[in-house]
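Subject: Structure handover

Hello,

Here is the structure I promised to pass on. Please open it first, then read the notes below it.

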Number of protein chains: 4
Amino acid sequence: MTQATYGALAPELETSQWLNTLEPLRLSGLKGKVIVIHVFQLLCPGCVSHGIPQASAIHELYADEEVQVIGLHTVFEHHDVMTVEALKAFAHEYRIRFPIAVDRPSTSGTTPVTMERYRMQGTPTLIVIDKKGRVRLNHFGRLSDMQVGNFIGGLLTEDQSARMSSEATDGPEPLDGMNCDEDGCLL
Amino acid sequence: MTQATYGALAPELETSQWLNTLEPLRLSGLKGKVIVIHVFQLLCPGCVSHGIPQASAIHELYADEEVQVIGLHTVFEHHDVMTVEALKAFAHEYRIRFPIAVDRPSTSGTTPVTMERYRMQGTPTLIVIDKKGRVRLNHFGRLSDMQVGNFIGGLLTEDQSARMSSEATDGPEPLDGMNCDEDGCLL
Amino acid sequence: MTQATYGALAPELETSQWLNTLEPLRLSGLKGKVIVIHVFQLLCPGCVSHGIPQASAIHELYADEEVQVIGLHTVFEHHDVMTVEALKAFAHEYRIRFPIAVDRPSTSGTTPVTMERYRMQGTPTLIVIDKKGRVRLNHFGRLSDMQVGNFIGGLLTEDQSARMSSEATDGPEPLDGMNCDEDGCLL
Amino acid sequence: MTQATYGALAPELETSQWLNTLEPLRLSGLKGKVIVIHVFQLLCPGCVSHGIPQASAIHELYADEEVQVIGLHTVFEHHDVMTVEALKAFAHEYRIRFPIAVDRPSTSGTTPVTMERYRMQGTPTLIVIDKKGRVRLNHFGRLSDMQVGNFIGGLLTEDQSARMSSEATDGPEPLDGMNCDEDGCLL
């Protein structure tokens, strides 16, 4: 069994199915990008209320060439109801746009293969892989948006000459009439 | 007048007073740190509801050796009521922990000196200065926590060998009894 | 088919199963209480993020003798995955405390029996029944907590001498040290 | 000194000034309406983040003929900076629409006259007066929107034949295309 040691090359995802992508993704084919894997179960409250919206925010904030977001459905309880069909309905109703992989069920136990391979503790788990394909974060539970942004921003900057974020320097539209609105006060 | 051109060396803050610090801070004395300046007015709704909590979150997330958060009170309207005394009461009641500078009033107009020097558009404005003292962000309006975290994380990683965030890899305490709580589901 | 005309006597729920209660509930047995029925599907995002927490808040705020909260699972899509077993897992993981009824599937169509009987438009729907057993609200979509509180408060007061809310007049614990905390400023 | 005993006739507000109204309001002139008084200080964090938005929500939800919202600025600390001029700037920038009264400063102490007369403990305080002019709630600290809605809804229903809320029974616009959006799932 490959262990997902911190800093080690990320083991491939062992999957039984993919949603929201024409072709299964392989981590080895994503070198040069930062990969963010949101590991969830569709009946996990913290995944639904916090993890999925955070993963969608990552997917929207970063350019596809920079960051690849992947959902990984790792069913380790309620196997009979968290089926692939249920996942498809869930992904449809929650309008998830990024690719979702179904973790391959174990032939011998309740924990699916990738989940065990990465020695995850539960869901939600956030796994972040750097541009060289190494596991740099394997975190069970919540992280704030600021923590996640900080982490990804750091990985994007590694091995790169000084980056000048252009989009972030654009200001909002000028306010009309009022000096202040709920966003700010205009000079 | 020095212009705060993007990437240029950050002009010093011109201040009339400081709160929450024994000594006035000088940007030139903070080389090696990323500097985050939250520019606000105490009667600016977006500053109070969004900017101040975000600045406090930055102050709490990052080590003091890495990131210096500074509040800058730039009064360009309602000068008679947003006095230094009002700012002191505000900072006390809102329990602001980071140093706050009062922008030096103009002798000729309504816009204070630093605000004009940095050509800011209004409040809230977020200014971020890199470890070499250059202005890298000068943004009027709201940025999400993820955007801000991403930006700071990038600047912290520049000119540095691969950084391995240790604190972020710690998981939450194990849940007792229930499989899932609002944070997550435990294996 | 009984129509759920506004102000008419509420038709009984036609159910195939109940969770979180030893005995099936009958509306006719709840006269004298205000009945709040949160109608949902477990894969309905607005039900999960807004409706369920609101129903739980109602359940916690009001005494059992005053208000009976009932969840009603009305599956009109994705029938194969929103099974009773899935509902049980959902109710467990989301820690729902109030009784939940499963709307009886139609023998001829996709819309379950109670949903059709009440002419509901979709989920979430909030149905409120007064102390005399009449339907007083049958609302599809979100209502704010203030709207819902206002509505229930009104129904509780009907046919009753002036009510003096005692619990709401209790103040919070005194603050120590600081004049103001995030809740308030103490004299 | 009149004491604001629970259920007693509400003593008049003693004010030095009014904002957002052409004429000073007198409680005795508002019989037949429920009166909601949000008592605040402009430098009180809990008032600004919770109380003011709640008071504005009340103002928007209820018809003017039913509920009169009044802000009452009771300065008991930082008197030198929470002046009437500061309050005017605050009310302007926060776009407060309902009438605001300035509590009359005490000639002998720091607590203003109405605040003492009502024996308030601090800010925010919510005072609710029934249609007959009696004090029914005098609460220091936060109440949830559901609690406040419940309380007002109860008072509106007193001394009135069964009320049929019409506005609350209107559903949202039908959703187009998707079965579910973040608000709900359409049949």
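By what turn and what shift along the axis can chain C be laid on chain D? The turn is 180° and the shift is 0.0 Å, with an RMSD of 0.1 Å. Before going further, please keep in mind that this is a predicted model.

**How the copies relate**

Chains C and D meet through the same surface, because 98% of the interface residues of chain C are also interface residues in chain D.

**One chain at a glance**

Take chain A. It has four helices and eight strands. From the N terminus, their order is β-β-α-β-α-β-α-β-β-β-α-β. The chain has 187 residues, and 57% of them count as buried.

Chain A exposes about 7800 Å². Carbon and sulfur atoms supply 47% of that area.

**The sheet**

I looked at the sheet in chain C. Six strands form an open sheet there, in the order β1-β4-β3-β2-β6-β7. The pairing is mixed. Which strands sit at the edges? They are β1 (15-19) and β7 (135-140) of chain C, and each pairs on one side only. From one strand to the next, the twist averages 20°.

One pair to look at is β3 (residues 67-73) with β4 (residues 100-103) of chain C. These two run in the parallel sense and share three bridges. Within this pair, C:His73 stands opposite C:Val102 in β4(C).

Two helices lie across this sheet:

- Helix α2 (residues 84-93) of chain C lies across β1, β2 (34-40), β3 and β4 of chain C, at about 25° to β1(C).
- Helix α4 (residues 145-157) of chain C lies across β2, β3, β6 (125-129) and β7 of chain C, at about 150° to β2(C).

**The disulfides**

How many disulfides does a search of the whole structure find? Over all chains, there are four.

Start with chain A. A:Cys44 and A:Cys47 form a disulfide, with their sulfur atoms 2.4 Å apart. The link of A:Cys44 and A:Cys47 is right-handed, with 75° about the S-S bond. Are its ends buried or exposed? A:Cys44 counts as buried because its relative accessible area is 0%, under the cut-off of 20%. A:Cys47 is also at 0% and so counts as buried.

In chain B, a disulfide joins B:Cys44 and B:Cys47, sulfur to sulfur 2.4 Å. This link of B:Cys44 and B:Cys47 is right-handed, at 75° about the S-S bond. B:Cys44 is buried, with a relative accessible area of 0%. B:Cys47 is buried at 0% as well.

In chain C, C:Cys44 is joined to C:Cys47, again with 2.4 Å from S to S. The torsion about the S-S bond of C:Cys44 and C:Cys47 is about 75°, so this disulfide is right-handed. Both C:Cys44 and C:Cys47 are buried.

One more residue deserves a look. Where is A:Pro124? A:Pro124 is in the loop between β5 (122-123) and β6 (125-129) of chain A. Its relative accessibility is 4%, so A:Pro124 counts as buried.

Which residues does A:Pro124 contact, leaving aside its neighbours within four places in sequence? Both cysteines of the disulfide in chain A, A:Cys44 and A:Cys47, are among them.

A:Pro124 and A:Gly51 are 73 residues apart in sequence, but 6.5 Å apart in space, C-alpha to C-alpha.

Over to you.

Best wishes

Technical notes. Residues are numbered from 1 along each chain as its sequence is written. Chains are lettered from A and ligands numbered from 1 in the order in which they are written. This is a predicted model: local features need pLDDT of at least 70, side-chain atom pairs count only at pLDDT 80 or more; totals for chains, interfaces and linings use all residues. Side-chain values use heavy atoms; hydrogens and water are left out. Buried means under 20% relative accessible area, exposed over 50%, partly exposed in between (1.4 Å probe, protein chains only). Accessible areas come from the Shrake-Rupley method with a 1.4 Å probe; for residues, only the protein chains shown count as cover. A disulfide is a pair of cysteine sulfur atoms within 2.5 Å. Two strands pair if DSSP finds at least two bridges between them. Axes are lines fitted to C-alpha atoms, for helices over the stretch in contact, and angles run from 0 to 180 degrees between N-to-C directions. Contact means heavy atoms within 4.5 Å. Copies are superposed by least squares on the C-alpha atoms of residues with pLDDT of at least 70 in both.
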